[in-house]
Amino acid sequence: VLTDRNSNLRQALRANDVWEWVPRTKMRLFHGKADREVPYANAQLAYDYMKPRGADIQLVNVGDLVEHGPA
């Protein structure tokens with residue numbers, strides 16, 4: 001289903017994609033580099049998208065060995 005670009009599921013996922021936006025207020029993205037539930041790369045992608053578009057954003061590493069819950 002995910003390989004079919006025209007499937008209902010793919011269309012619904014595309015319609016609900018919310019990462020391409022820019023906050024209007026100060027934003028901090030906190031992450032732990034050992035997070036296996038939400039990888040560090042997700043925070044970096046969001047930061048890399050928002051920062052050049054004028055976001056007042058900071059990417060904060062709370063620890064290289066910190067996992068999702070403690071972060």
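The charged end of Lys 33 sits over the ring of Tyr 40, 4.6 Å from its centre. Here "over" means NZ of Lys or CZ of Arg within 6 Å of the ring centre and within 35 degrees of the ring normal. The model is predicted: local features need pLDDT of at least 70, side-chain atom pairs count only at pLDDT 80 or more, and totals for chains, interfaces and linings use all residues. Residues are numbered from 1 along each chain as its sequence is written, and side-chain values use heavy atoms, with hydrogens and water left out.

**Rings**
- Arg 53 lies over the face of Tyr 49, at 3.8 Å from the ring centre.

**Largest pocket**
- Tyr 40 is also one of the lining residues, along with Phe 30, His 31, Asp 35, Val 38, Pro 39, Asn 42, Ala 43, His 68 and Ala 71.
- A pocket is an open set of points on a 1 Å grid over the protein atoms alone, where a 1.4 Å probe fits, with protein on both sides within 12 Å along at least five of seven lines; lining residues have an atom within 4 Å of a point.
- Helix H2 (40-50) and strand S1 (27-31) each supply at least two lining residues.
- Helices (H or I, at least four residues) and strands (E, at least two) are DSSP runs, numbered from the N terminus.
- H2 gives the largest share of the lining, 3 residues.

**Ser 7**
- Ser 7 is in the segment before helix H1 (8-15).
- Ser 7 counts as buried because its relative accessibility is 9%, against a cut-off of under 20% relative accessible area (1.4 Å probe, protein chains only).
- Ser 7 and Tyr 47 lie 40 residues apart in sequence and 30 Å apart in space, C-alpha to C-alpha.

Definitions and conventions
Buried < 20%, exposed > 50% of the residue type's maximum accessible area, 1.4 Å probe, protein only.
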